[in-house]
Amino acid sequence: MNPVFAVLLPLCTAFLIPLGFIFFRRALPLLVFSGGFFSALGAGAVAFLGWGGISTVMGGWAPELGIALKVDSLSACFLLLTSLGFPLALLSSAEEFGWHSWRFYVIFFLSWASTNGILVAGDIFNLFVFFEIFSVAAYLLVSFPASSWQAVEASFKYLIFGTLGALFILLGISYIFMATGQLNMALLQDFFPALPGPTLGVIAGCLLGGLLVKCGSAPAHFWLPDAHSSARAPVSALLSGVLVKAPLYALLRLGTLFFLSPFPAFFRFFSFSALSPWGWGILWRCSRKRSNACWPIPRWPR
Amino acid sequence: MILLSYGTAIVLFVIGLCTLLFRRNLFKIVIALSLMEGGVLLLITSMGYIPGGVPPLLPLLGEQAVNPLPQSFTLTAIVIGASDIALALAYIIKIYHHYGTVDVDKIRGLRG
Amino acid sequence: MTFTSSRLIHRIPALLLSLGIGFFLWRGLVLPSFPHLGSTAAHYVTHTASETGASNVVAAILFDYRAFDSLGEATVIYTTVCGVALLFAGRRYRSSRRGLSFVVKRGMALMVPFILLYASTIVLMGHLTPGGGFQGGVILATITVLFCIVYGSRFEAAQINPNKKEMAESFAGLFFVGLGLVGLLGGAGFLANLRAGFPGGTPGELLSAGTIPFLNIAVGLKVGASLSTLFYSMIKILEAPSEGPPPEVFSS
């Protein structure tokens, strides 16, 4: 089972929805639900069959030439999470929003495709590209519907922070390329211990800093309460349940692949930072709906 | 010579970061993002330079071609950056329609 | 945005942070004493003609070796444009009839065929000379942007229906994925070019490099339609600002 299907099925659904709206307007709910069903099925199949580990290269090239896709047990866990979370959010948003604004469903499926793309990426620049699709789709989901000025402002704040994080991630990737000339994550693992100290520090700082900003974890949490409280209920559930997990997965993946040996203390620090006075201060600032967002746990969409 | 390129890229990035942190006009914040992006892209493109290199178009005009990989990354990153900035500008238009101002301090939701 | 206080005492830590980041980046630069192409880049330069049939190594990387990234890049634009169209989709937004003067309109009418020719050259010859789908698509979009500015957006919408632009975007995206699936179903991997059986031709000819010209055309159409929709959405006028600012804001 080629991991690319986890990305292609939601992507093709997203491309088909405008055509469905223009040509077969009555069949739009059927298209959306069947697209959701097959995407969930595809992602689940990739997760189950890839539990032991699959690694393919797009286009049949050698690993250092083409883009590799890689599934292992960590990705499979997160793939199962998305293939459960997204269909539930789809059902809930279909009930809440109806079929009048079909563009919402296009963005929904694109965010699904990009989340799956992040989860199966084996090449670091490909990870960045899918991260950007994911971020843009997340900004747009937060700001839907655009008649609420609060949602638009929260989304703008998220956009500024998210783009800042993305620029730092791009900077980190460019330093990796400068130092090694490689972008395949499996091959990069061997290069990392040999890097000079300052370069390794810059790469770690930029990549991890950028991903922390996108995660909304301390100390760059400023956009998170506004975004979660201004979004509508199904989107907020999707955000806290699924969409925060993608940068978290990237942090885990990059951290364990590249940085675990040089910087074990880093992870201990940040795993305790949520329980520190910092974390409690964030909680104090939040109101009731916002406090649900400050401790994002997967929950059933209401 | 390549140091000048790298230095310019880093200076652009830092100027963009300072502008992002200090300016109150929303448009200037978006321009700051664009500056930062320009700095990063200049850094990426400069990485591929080889002294005495020719453009990577076959048949080669000289002996060594410059590295084509950073150029393809730059093309992709330009498109992605432009999309982000276009979306930011669309949001600014909507915010302006509601508030009549683009000053960050006056717009309630954007403080803090 | 959190440091927008004008007091100097609040600005100094932010300034120090930025300068610190700059210094950190400078220290981390890797400057090889003997700059040379890495093994990957050397392979690309030497084997592009035989493995892909293209003359432009960058286009071969973008649309053959790393074509999946280009699919992702086209999808970023697609997402942004879909979202901006969603933001400005209300009935209170309308297009404008106002254009510029007669001289500008006539001059523009003379120039449009040449701009179209230029854009088509860049798209079609992307595998031979610098250029390609993304660059040519942007130039295609500037034609519609110029229509909006010179003739008014209502004229531009009458020339090219927004629905048709939407269809062009979706069809181009599906075409890209379809070409990739041909390779996958043939057993050569998603987005495979010569390995999937597409004819390579002679490098340097217009009809060469397998799928690369077709991917260029698809991406060019997609980017052109997307940016055109983007500009058209953003240039709409808010008709009756019922949600707008109170009147005293405008008078100050």
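I call two residues in contact if their C-beta atoms, placed from the backbone, lie within 7 Å. With that settled, here is what I looked up in this predicted model.

**Entry 1: chain C against chain A**

I began with the contact of chain C and chain A, which takes 42 residues from chain C and 46 from chain A. Which elements of chain C give two or more residues to this side? I noted helix 1 (8–27), helix 2 (39–51), helix 3 (57–65), helix 4 and helix 8 (162–185) of chain C. Helix 4 of chain C gives the most, with 14 residues. By class, the side of chain C that touches chain A divides into 20 nonpolar, 15 polar and seven charged residues.

**Entry 2: chain A by itself**

Next I turned to chain A, where I found 14 helices and two strands. Of its 302 residues, 58% are buried. I also looked at contacts in chain A between residues at least 6 apart in sequence, and 77% of them join residues at least 24 apart.

I found 27 residues of domain 1 in contact with 31 residues of domain 2. On the domain 1 side, strand 2 (68–71), helix 3 (73–97) and helix 4 (103–120) of chain A are the elements that give two or more residues. Helix 3 of chain A gives the most here, with eleven residues. The domain 1 side consists of 15 nonpolar, nine polar and three charged residues.

**Entry 3: chain B against chain C**

Helix 2 (residues 26–47) of chain B has the highest confidence, at 93, and helix 3 of chain B the lowest, at a mean of 91.

Chain B puts 40 residues in contact with 49 residues of chain C. On the chain B side, helix 1 (2–22) and helix 3 (68–99) each supply at least two residues. The largest share, 17 residues, comes from helix 3 of chain B. I sorted this side of chain B into 27 nonpolar, ten polar and three charged residues.

**Entry 4: a pair of helices**

How do helix 3 of chain B and helix 4 of chain C lie relative to each other? Their axes come within 9 Å and cross at roughly 10 degrees. Angles under 35 degrees count as roughly parallel, so these two helices are roughly parallel to each other.

I then listed who meets whom. From helix 3 of chain B, the residues include T76(B), V79(B), I80(B), S83(B) and K94(B). From helix 4 of chain C, they include D69(C), E73(C), V76(C), I77(C) and L87(C). By class, this helix contact has nine nonpolar, four polar and three charged residues.

Most residues other than glycine have a negative phi, and most peptide bonds are trans. I marked two spots to look at with that in mind.

In chain B, the peptide bond from L58(B) to P59(B) is cis, with omega near -5 degrees. P59(B) sits in the loop between helix 2 and helix 3 of chain B.

In chain C, L191(C) has a positive phi, near 60 degrees, and is not a glycine. L191(C) belongs to the loop between helix 8 and helix 9 (212–234) of chain C. Is L191(C) buried or exposed? I count 30 other C-beta atoms within 10 Å of L191(C); the cut-off for buried is 20 or more, so L191(C) is buried.

Key. Residues are numbered from 1 along each chain as its sequence is written. Chains are lettered from A and ligands numbered from 1 in the order in which they are written. This is a predicted model: local features need pLDDT of at least 70, side-chain atom pairs count only at pLDDT 80 or more; totals for chains, interfaces and linings use all residues. Helices (H or I, at least four residues) and strands (E, at least two) are DSSP runs, numbered from the N terminus. Ala, Val, Leu, Ile, Met, Phe, Trp, Tyr, Cys and Pro count as nonpolar, Asp, Glu, Lys and Arg as charged, and the others, Gly among them, as polar. pLDDT is the predictor's confidence in each residue, from 0 to 100. Axes are lines fitted to C-alpha atoms, for helices over the stretch in contact, and angles run from 0 to 180 degrees between N-to-C directions. Angles under 35 degrees count as roughly parallel, over 145 as roughly antiparallel, 65 to 115 as roughly perpendicular and the rest as oblique. A residue is buried if 20 or more other C-beta atoms lie within 10 Å of its own, exposed if 12 or fewer, and partly exposed in between; C-beta atoms are placed from the backbone.
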